[in-house]
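This report covers a single model, from the whole chain down to one residue. The sequence and structure come first.

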Amino acid sequence: MGFVSISSFAFSVTTTTGTSRKPSLHHHYSHSNRLHFLSKCSPLLPRKCSVNLLRSCRGNTACRASSSLLKIEDDIDDEACELVSGLEISIGEGDDSIDAYLLKAMKNNNGTGILLLSDIFGFEDSSTRDFAYRVACNGYNVLIPDLFRGDPWTKNQPMTLLEQWITKQEPQRVAKDIDTSAKWMVDEFLAAGISKKLGIIGFCFGGGRVIDALSRDQGALFAAGVSFYGTRMNPSLASSIKIPVLFISGDDDPLCTVSVLKDFEKSIGQGSKVVIFEGRGHGFAHRPNSPEEDKDADEAFTIIRKWLHDGLVTQN
């Protein structure tokens, strides 16, 4: 597949320019220099812009996921990671429009899309975007929609207000935004003559919504799912999921217990898998707080990298 220009991309875009950097294996990044943004849009003004989402994978080693769980990103070319672009976009129009963040591999693009659902801190959170950047470094196009319509949970709010905030996130509206975002990605790929299915990843709140989305999807748009320590998951939906789901959590996470995940694994079938990290609590894979958690976060990333490669790149 040669260079593909998606001329049908015509949405409102605001671009942000940052400095180039190598991705750290550890997740302690500065928000201001996190990404090296490349685009054809003006860095100063929102405007209509045609975005080149896909480039061919030209044999760069970053296009191939390692099968070894002990090898942590050693095969990713530094230059390839620097050639990841990031765009703030708006999907749809008017009150139904959804803000989102699109990361796309420029050098080693494998023509595959991934929808990433954030935790309660939203799509602008640096930990979520850092994780998405690492996924894009492996050749993917990653879309992070704003599930909370500009009203994410913030760390300075008292936890006593969390449930009140959760109730404001109307499930039907969240579901619609997720489905709209997924369909947008698929339509843009189809416009470029590519009919690959998507992957879906979610953390915490987003990990629970992975289950909801795959239950609704029935295998139509998605081919592989990953749920990191999902919360508020409905066990009755498991049997309606038609694709394999990888569940990653810690055995010290009261919000996502091992027994519940095992039940999901059994009910979904389809080759689903549960990976539990001993001694780890909630959020360790994308918000590690110690060198030990950093190590487990890196291993978790390697596991999902192989899962996505096998389920999306190899199978599509």
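## The chain as a whole

Of the 316 residues in the protein chain, 56% are buried. The model is a predicted one. Its secondary structure consists of seven helices and 10 strands.

The accessible surface comes to about 13,300 Å². Carbon and sulfur atoms account for 52% of that surface.

## Helix 2

Helix 2 runs over residues 126-137 and has 12 residues. From first C-alpha to last, helix 2 reaches 16 Å, close to the 16 Å expected at 1.5 Å a residue.

How many residues of helix 2 are buried? The count is 11 of the 12, so helix 2 is largely enclosed by the rest of the structure. Charged side chains are on the buried list: it includes Arg 129, Asp 130 and Arg 134. Phe 131, Ala 132, Tyr 133, Val 135, Ala 136 and Cys 137 are also buried. Ser 127 and Thr 128 complete the set.

## Helix 5

Helix 5 spans residues 205-217, 13 residues in total. Its first and last C-alpha atoms are 18 Å apart, close to the 18 Å expected at 1.5 Å a residue.

Helix 5 is mostly covered, with 12 of its 13 residues buried. Among them are Phe 205 and the glycines Gly 206, Gly 207 and Gly 208. Arg 209, Val 210, Ile 211, Asp 212, Ala 213 and Leu 214 are buried as well. Just after the helix, Gln 218 takes a positive phi of about 55 degrees.

Gly 208 lies in helix 5. Is Gly 208 buried or exposed? With a relative accessible area of 0%, under the 20% cut-off, Gly 208 counts as buried.

Which residues does Gly 208 contact, leaving aside its neighbours within four places in sequence? They are Ser 227, Gly 230, Thr 231 and Met 233. Asp 119 is 89 residues away from Gly 208 along the chain, yet their C-alpha atoms are separated by 9.5 Å.

## The largest pocket

The largest pocket has a volume of about 480 Å³. It is lined by 20 residues. Closest to its centre are Ile 120, Cys 204, Thr 231, Leu 255 and His 282. Thr 231 is also one of the contacts of Gly 208.

Which helix gives the most to the lining of the largest pocket? Helix 3 (residues 162-168) does, with three residues. By class, the lining has 10 nonpolar, five polar and five charged residues.

## Cavities

The structure holds two cavities of 30 Å³ or more. Val 135 is one of the buried residues of helix 2.

Helix 7 (residues 291-313) gives the most to this lining, with four residues. What is the make-up of the lining by class? It has five nonpolar, one polar and one charged residues.

Methods: Residues numbered from 1 in each chain as written. Predicted model: local features only at pLDDT ≥ 70, side-chain atom pairs only at ≥ 80, totals over all residues. Heavy atoms only, no water. Helix = DSSP H or I, 4+ residues; strand = E, 2+ residues; numbered from the N terminus. Expected span 1.5 Å × (residues − 1). Buried < 20%, exposed > 50% of the residue type's maximum accessible area, 1.4 Å probe, protein only. Areas by Shrake-Rupley, 256 points an atom, 1.4 Å probe, with all protein chains shown as cover. 1 Å grid on protein atoms, 1.4 Å probe; cavity = no way out; pocket = protein on both sides within 12 Å on 5 of 7 lines; lining within 4 Å. Points joined across faces, edges and corners; volume = space filled by probe spheres on them. Contact = heavy atoms within 4.5 Å.
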